[in-house]
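Here is a note for a colleague who is opening this structure for the first time. Please read it with the model on screen.

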Amino acid sequence: MRIYALAVYLFLYIPIGIIALFSFNAGRHASQFQGFSTQWYGKALTNPFVMDALSTSLIVALSSAVLATLFGTMAAMALQSVHGRMRLAFDALIYIAVMVPGIVIGIATLIALVSVFDWLNPLLAAIWPVADAAPQLSLGYGSLIAAHGLFAMALVIIIVRARMAGMDRSLIEASADLGATPWGTFRQVTLPQIFPGILAGFLLAFTFSFDDFIIAFFVAGSQTTLPVYVFSSIRRGVTPEINAIGTMVLTVSLIMLIAAQAILQRGRKAG
Amino acid sequence: MQRQDLRTWLFLAPAGAWFLCMLVLPLIVVFVFSFGERGAAGGYVPAFTVENFLNLGARWAAFKNTLILAPLGTLSCLLIAYPLAYFLALRTSSRWRTVLLILVIVPFWTSILIRSYAWIYLLGGQGIPSLLNALGLGNPRLINTPFAVLVGIVYGYLPLMVFPIYVALERLDKRLLEASSDLGSPPWRSFLQVTLPLSMPGVATGCMLVFILLMGEFLIPAMLGGGKVFFIGNALVDLFLQSRNWAFGSAVAVALVLVMLVTVAAYLRFTRRWAGGREDVSLM
């Protein structure tokens, strides 16, 4: 039984380990390790296309995670006092957002936005005061942030709600009885209790956006995120540079995940 | 009361608007477009026809591959995940359990793109085949085969299968197993008559989650199947980004979602047969 478990763990981690190992390979041959070198990291980090894609990915992940955490937490709190049909509708939307495959979300967002833009752009041009200077709506940062923010928001709502379910309601009542304003109660009682959930939600939202390929593939427009860049370079051939980028991407998500887990675990003990 | 209501609405408004604009509206557009026609230069022309749905057979190969490899992948995940979940739930000390469990879940949250890429590396010509060749075991072609896609599927979705089964086994009342062995059942019999039936809700949840996600898979077949083993997801990418046939592509997407809904309905029927069949499974 132990040997079996060990084999499964090796299966899960050896492929990742090999990528990490060969990212430090001095040679470019894929089957033999020819000495330690960080040259591929240097190559990746001075490649303007990689750096461009990385900055797009970071901007999109940060913006969508911040917005999703803010609006998701607000919604999770409000949903506590909402019942009946409205509650059912929100639950259904959260469920759909999580369950519908990314590829369907991607194409649906693509054709919906392109259709809306095709309809709005002539309208904007017609009403714009300066001739030929009207802004052209198109796919790019906005659509990436909006599409990633959707899934991320569903994620934040689920996590913050789970955290609230384990919260001691009597503390809130006590605070109100003692004359605290709603804002005071929120800041001093509710927020400290749900904060681990909010932070973990933010980290997961960021990780999701940073790692997502399929939605970005459809809605990125003229922008390129890091996963989209990696996908198209893999199509052109396997290079040690991709190993270095892959190792960095994995490291970023691993740090985020371990932080999220640690926060949730500690929150569970304290709460 | 009035003020409280207003605040609730204000707090819900941004999330609600976001769901409406980025989820409800796009899904409605796909549904409407699926009854439309392809424009001369691609894109969409409004129409009302069911021709797209009658034409679904043109992409039968993609549906066939998905409907063969998705259940096969789900089954492979189940067979590999069950013993591991069993080990984690019933054969580890609580000190190690959390760490081991986190180690299973963490890969699921890391980039599936990079993890599939790792297998291109391992299964490609300079990876395992060259190793086998050096050992004199021939030089089999592994990459761009259904086998490679299956390996990628198991690698990608194993964590998702382990977790619900673990939760079901962990909640299992251990006294039932003691009673069974006190009454003279050999371990294999206790397993078949107590453990296995009681873990079925977890098995059903894991299978449904993996199957549903596999139905919409694009990346694994694209990377490890090399255009030879393609899923509905790959057909969708081709229809939307290459041939720009939005109407037909929308019909394929609607068909995909319908197949998934049927799966979920079957799952709900299936789990309702178990006492307390509702399982709340979170992945974090």
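**Notes on the model**

1. The centres of domain 1 and domain 2 of chain A, taken over C-alpha atoms, are 32 Å apart. Domain bounds come from an automatic or database domain assignment. For chain A that assignment gives domain 1 (1-37) and domain 2 (48-270). The two do touch: 8 residues of domain 1 of chain A are in contact with 7 residues of domain 2 of chain A. Contact means that the C-beta atoms, placed from the backbone, lie within 7 Å. On the domain 1 side, 5 of these residues are nonpolar, 2 polar and 1 charged. Ala, Val, Leu, Ile, Met, Phe, Trp, Tyr, Cys and Pro count as nonpolar; Asp, Glu, Lys and Arg count as charged; the others, Gly among them, are polar.

2. A word on the source. This is a predicted model, in which local features need pLDDT of at least 70 and side-chain atom pairs count only at pLDDT 80 or more, while totals for chains, interfaces and linings use all residues. Residues are numbered from 1 along each chain as its sequence is written, and chains are lettered from A and ligands numbered from 1 in the order in which they are written.

3. Chain A has 11 helices and 0 strands. Helices (H or I, at least four residues) and strands (E, at least two) are DSSP runs, numbered from the N terminus. The C-alpha trace of chain A spans about 70 × 70 × 30 Å along its principal axes. Of its 271 residues, 44% count as buried. Buried means 20 or more other C-beta atoms within 10 Å, exposed means 12 or fewer, and partly exposed lies in between; C-beta atoms are placed from the backbone. Among chain A contacts with a separation of 6 or more, 79% join residues 24 or more positions apart.

4. Now the chain interface. Here 57 residues of chain B are in contact with 63 residues of chain A. On the chain B side, α1(B) gives the most, with 15 residues. That side divides into 44 nonpolar, 11 polar and 2 charged residues.

5. Which residues touch the most other members of the largest nonpolar core? They are A:Ile107 and B:Ala85, in a core of 170 residues. Helix α7 (residues 146-171) of chain B gives the most to this core, with 17 residues. Such a core is a set of buried Ala, Val, Leu, Ile, Met, Phe, Trp, Tyr and Cys residues joined through C-beta atoms within 7 Å. Leaving aside residues up to four places away in sequence, B:Ala85 touches B:Val162, B:Ile165, B:Tyr166 and B:Leu169.

6. Look next at α9(B) and α12(B). Their axes come within 10 Å and cross at roughly 180°. By class, their contact has 12 nonpolar, 2 polar and no charged residues.

7. Two residues of chain B deserve a look for their phi values. B:Asn144 is not a glycine, yet its phi is positive, near 65°. B:Asn144 sits in the loop between α6 (128-134) and α7 of chain B. B:Arg244, also not a glycine, has a positive phi of about 50°. B:Arg244 lies in the loop between α11 and α12 of chain B. B:Arg244 counts as partly exposed because it has 14 C-beta neighbours inside 10 Å.

8. Last, B:Arg272, in helix α12 of chain B. Buried or exposed? B:Arg272 is exposed, because 10 other C-beta atoms lie within 10 Å.

Conventions: Axes are lines fitted to C-alpha atoms, for helices over the stretch in contact, and angles run from 0 to 180 degrees between N-to-C directions.
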